[in-house]
Each structure stands twice: as structure tokens, then as C-alpha cells.
Amino acid sequence: MDGVITADEAHNRADWKVGVDIGGTFIDFCALEVNSGRVASLKVLTTPEDPGAELMTGLALLAEREGLDPTHMTRFVHGTTVGINTIIQRKGAPLALFTNAGFEDVIELARLRMPDMYSLFCSRPDPLISRDMVFGIPARMRADGSETKAPDVATVESAVAAAKANGAQGIVVAFLHSWRNAAQEASVKSAIARLAPDLFVFTSAEVWPVIREYERSSTAILNGYVHPRVSGYLTALEERLKSRGVPARPMLTKSNGGLMNAAEGKQACVNMLLSGTASGVIGAAWLARQAGEDRILTLDIGGTSADFALIIDGRPQFGTGELIGEFPLHIPSVSVSSIGVGGGSIASVDAQGVLRVGPESAGSTPGPACYGRGGERATVTDAMVVCGWLGHSEMAYGQLSIDTGLAHRAVGELARRLGRPVEQTAQAILDIAVSEMFVEVEKLASRAGVDLRDFTLMPFGGGGPMLGAFLARELGMKRVMAPRRPGVVSALGGLVADLRGDFIRTIFSPLSASLPIIRAAFEALASEGLDWLAAQGHDAAAELNFSCDMRYLGQSYEIEVVLSPEWLEESDAEAIEQAFHRTHERLYDFHDPDGEIELVNMRLSAVGAGPALSFPEIDEIDVSASPARQLPVYTGLGVETVDLHDRQTLVPGSSFQGPAVVVQEDTTLAIPAGVQARVDRHLNLLLTFAE
């Protein structure tokens, strides 16, 4: 019958599932055609001046090269570093903060801690909202939720006028004890909407209703700071997909490694600040499990930033208080540490004649000098070209050709200022980049209490494989695992991610008196979580994970304790207490069996499983890989002859020795001397350092 698809036709019809990740320089695609098991990947330069245009370019190229039909796309998941790059580069919206009169210094006082107490040159970052844009509103709510003074309407009116006059695009409202009662924040938000409908407004309670005014305020500020750029990007994304006839509802990767729909992402921007970075960790964890690796340090280097995370027992680590540039994020998220060092990070000489790298990035426009797109300042990528590690094949699936002359010219400008040879200057840029990453990774390992010598480094992103082996060597790590398509691991993470929503209630009560409250609150949280999953379009079984933030009475900070649903159903206070004692013992090597326990927050994570996907495996055949040719490379000690291999010619079981360069469609792997390389059955390239 005309216009009707038969069962056989429906079975044979292509079923494309596409993961997309946008970074500071490239947008990455990982597409799986489910029926055939065929995987296609691609990188396209971003177009900051026209958000979404690069997405259309990528879909057109995938259609041309791989036969992808957008109208047969049943899953579209998108991760982006737009939010985190906005904060790192401080290019967010001008904001005003409305808080209680007398508490105008809340974001500057923070927790009265210096970022590095052992550094003589340490300084705290400037707040995202300057002091002259913070307005105190006479209003007061008690900790029990009762109001002692309603917000002063006249003060709100004058504060709105002053904020607009000073150029604010949005306002964040953060009052004391709104975690208990959000009525005052809501009333001020309504007043602002009436007085200045052109300003966007967020309240701290609607962003993340948690106790502690600084943490709640700073999280709301991060949400507002990135809102215009994130919302504008997502609006363009939806319009572009609709124009191509994509039937799949666009989903976004979240900071917690899960997914949400694009409409929610426009308002809950803070939930996707670590969108791209968390998605990369989810993809890396999936690859690690496929390869049987259970302890991984991930290294994701893009054009703007380098991101690090730990995978233990095959699972990403989660937490709160992750740093977004210089600022802590207080919502549940995949534990990722980020610094402003990437392939596009610009090298410069400061007023004291010291060579520095980042955090300013050349991005995709104009990009590193070697891209030939108008960039004139030396970057980490240009340094790799000058040393000879990079520039021996087309990059980014044919999107770029490297101009070595432009790289030498850019690095040469710095070399003249420093009075050093150009190759030594390039090597110094790389050494600084690696050393900055080394410091950040050591902090991560110390916080987690792990020995990195027991871990395998997994480098990905466009720049991870370029510098990963050098970082592993400095850290004393013995193994590196480079996936078959390192440049699109974050896009892969979107394909394999689950729906995940996090919900919280602050109780702040002794545990002994809280069991009835706990049961009632968790029932409410469970209902909220299931409703959220339904709103995301999930109609299958759900996984509900319960936990509490608890502490001994008198402690300043709490720890998260995972709870069993049976304990809640049976009101088993003893089981909850023992779980807290065990967790405290594991983290701090002691517990107090007679200590009174205080419950602060209750948490729920609602998870809707994503599609079960798998990639084919290929049997290994022992064979010595033959290099395509040899190259002169400056390694820091001098110019050495290095083998060049094409990744496409390396079959499972292929092996070779470093030093070597491996070129492929999406990145280049730089392998130092003293390394044994081998391809496994999953097409991962495994590097082992000599003892």
C-alpha cells in the first residue's frame, strides 16, 4: 500500500544513533548504524560566530561520506564545553546579585580559604560578579523557615534600576535559608520580572536548594553567568536539527554523566557546565570496561582546556565541589578537574620575561598559527609542529592542513624575545603545558588517595594523544591506552549515556530523630525523580539510588553515605548508622561508634538506562608494524629520527617501539623513546613504559 512501511522495510531501514560533542576548536561526531554495526566519526571546526552551523556541516559530510540520513536518526545526544569555556575565558553575562542586606560580601568571603595556602604568590580569583553589582535587600528568613522581615519593595526597585544602569543582563537572587523556604526569593524574582522583563532571573533555591549560602549562591551565579551563551546555542541547535528533518528529540549530556532534554538545558545551565568533559569520562569508562581496564586516569585535551578524571572499578567517580576553572561547582557531577591548557592555548612572555602558557586560547577562529586561518600567536599545537611531532598528515578528517612555516614564524617571535633557539622555545612551551597538567593531576590523586602508578592513562580529545605519553612518563605511570578514535570519545559518551537526574532535600536534624522524616522525604524525592524521567520520555524501568550527607555532631562538613532502599522501608536506623561509620572509617581511617550522627542532606539519583551498544572485536595476530617513513623530531635533547605509522594500517596484534609518531584521522599520537606499543583486539593502542 502506498505510503505504508512494511515490517521487512522497517527492519531493514537504517537506524542511526549519533553522539555530538562541541569543544572550543572542533565539534566531534560519533555515529552508529545499529543494524549493520558500522561506526562513523568526524571532526569539524567550530563556528563561534554562527552557533550550529558546524553541526549542519558535519551532518552533511556524514551524509556524503557515510550515507547518514538525518530523517533516520533515532537518537541524538549532544555534549558541549560552551559553558565551561565561557567561565574559563570569563566571557559570560554581566550579572547582579541580590542578597540579604549585611551579607553583600558573601561571594568574596566565600569560605575564607586561599586556593594554595603554600604558595607565596597565591591569590584568590576575582568573583564573577563585582562588588558594585551586589545589592543588599532588607529581608530575613529564620532557619526554621519563618519570616521575620519581608523583602523591602522600594529597595528592590532601586536595586533593579541600578543593576540595569550598570549593564546587567541578568540577576541572581540568593537569600539566607531559602533551602528551607524559598518564598522570599520567589517574591523578589516576580518583582524583578515586573520591573525589568528584559532581564533574566535565577534564584538560588530553584537552581540547587542546598544548605550553606555561599555554595548555593555560587552555584546559582554560575548558572546565570553562562545562561545567555548556553541558551542561545541550544536554541540554534534545535532549529538546525528541525531544518534537517531529524525526528529524534535532542538530548544533552549533563555534568553528572547523564542526559536531559534541550529545553531543560536552557534553564538548568549549571547541570551541563561539565557536559562535554563528563561525557568524555562516560565514554572513556565504557571503553575501559570493554577492554577490561578497571583503573583509568583520563586525559581529555581540546583546544581550550585539559580535563582529568579517575575511573575506579570501571566506574567514573562522582562528587560535589568540582572546580570549573577557578570556581567550585556544588551540584553532583562526574569528578573532573580542568585547567586552561589545551592545543590552542597561547604562549606568551610576561613583563618579567617569563614564558607562560594559557589560559587564553586561540580557539577555532583564528586558531593556532599553523592552521593558516589568521592566527599569529604561538600555541601548544604550533610548538608540537615546530618540534616535528605534528604536521605530517591532514588533520581532523581532512578539515585542516598544517603550515609548518607559520608555526615556526609564531614560535620564532617568542624565541627572539627569550633569546633562545626556536626548537628550544617550542620544547619549553610543551614542558610548561605538561608541568601544569602534572600539578593538577597530582592534586586530583592526592584528594582521591590513589597511587597513579596503579592506573592506566587514557588520552583522548584532539590534543590528549599528543601530550598524554609525556604526562604519563612524568607521573611515573606504566601504561597508556589510546582508543581507536580518541578525538571523538566525548561524542561516544553521549551514545552510551543513561538518563540521570539528581534531587536533594536538606533536613539538618539528628539521625535518631529523623527516620520518619527520611522516609517521607525519600518518597517525595522518588516521586519527583520518576516524574522527571517521564518528562524526559523514559517509559521503561528506572533505577533509584539513595544516599544521605551525614556527619558526627560538631563536624563542619559531611560525607555522602549510600543507602539501601530496604533500610528506608524497614526504618532500620542501625543499618544506616553502621553504613555511616564504615564510610567514615574508609575515608578518614577512624570512626566513633558512640558519636551522635547528624543528617544534613538526602539525595536521590534517578537513572533511566540508555541503549545497550557494542562494537565488534577482532582477533589479534602477532606482527611487527612497518613504519610508513621516518621523521626528524626535536625531543628536547636534540633532533632524533622517529618512525611514523599510519593508524589505519595497525591491525590487532601489531607492535612497534618508540620513539614514534602515529597519524590518524582525528589526532596524532606522540610516543617517546623507551615505550613498547601494541594494538589490542578492540583496536586500542596500548603503550607500556620500560621499567
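## Cavities

On a 1 Å grid over the protein atoms alone, a cavity is a set of points where a 1.4 Å probe fits but cannot get out. The structure, a predicted model, holds four cavities of 30 Å³ or more, a volume being the space filled by probe spheres set on the points, which are joined across faces, edges and corners.

The largest cavity has a volume of about 390 Å³. Its lining comprises 38 residues, where a lining residue has an atom within 4 Å of a point. Nearest the centre lie Phe 26, Ile 301, Gly 302, Gly 303 and Gly 462. Two or more lining residues come from each of β2 (26-33), α10 (275-291), β13 (295-301) and α15 (489-496); helices (H or I, at least four residues) and strands (E, at least two) are DSSP runs, numbered from the N terminus. By class, the lining has eleven nonpolar, 21 polar and six charged residues. Ala, Val, Leu, Ile, Met, Phe, Trp, Tyr, Cys and Pro count as nonpolar, Asp, Glu, Lys and Arg as charged, and the others, Gly among them, as polar.

## Packing of α11 and α12

Helix α11 (residues 380-387) packs against helix α12 (residues 404-418) at an angle of about 110 degrees, and their axes are 9 Å apart. Axes are lines fitted to C-alpha atoms over the stretch in contact, with angles from 0 to 180 degrees between N-to-C directions. The two helices, α11 and α12, are therefore roughly perpendicular, a term for angles of 65 to 115 degrees.

Asp 382, Ala 383, Val 385 and Val 386 in α11 meet Thr 404, Ala 407, His 408 and Val 411 in α12, contact meaning heavy atoms within 4.5 Å. This contact of α11 with α12 has five nonpolar, two polar and one charged residues.

## Basis of the model

Residues are numbered from 1 along each chain as its sequence is written, and side-chain values use heavy atoms, with hydrogens and water left out. In this predicted model, local features need pLDDT of at least 70 and side-chain atom pairs count only at pLDDT 80 or more, whereas totals for chains, interfaces and linings use all residues.

Terms used: Parallel < 35°, antiparallel > 145°, perpendicular 65-115°, else oblique. 1 Å grid on protein atoms, 1.4 Å probe; cavity = no way out; pocket = protein on both sides within 12 Å on 5 of 7 lines; lining within 4 Å.
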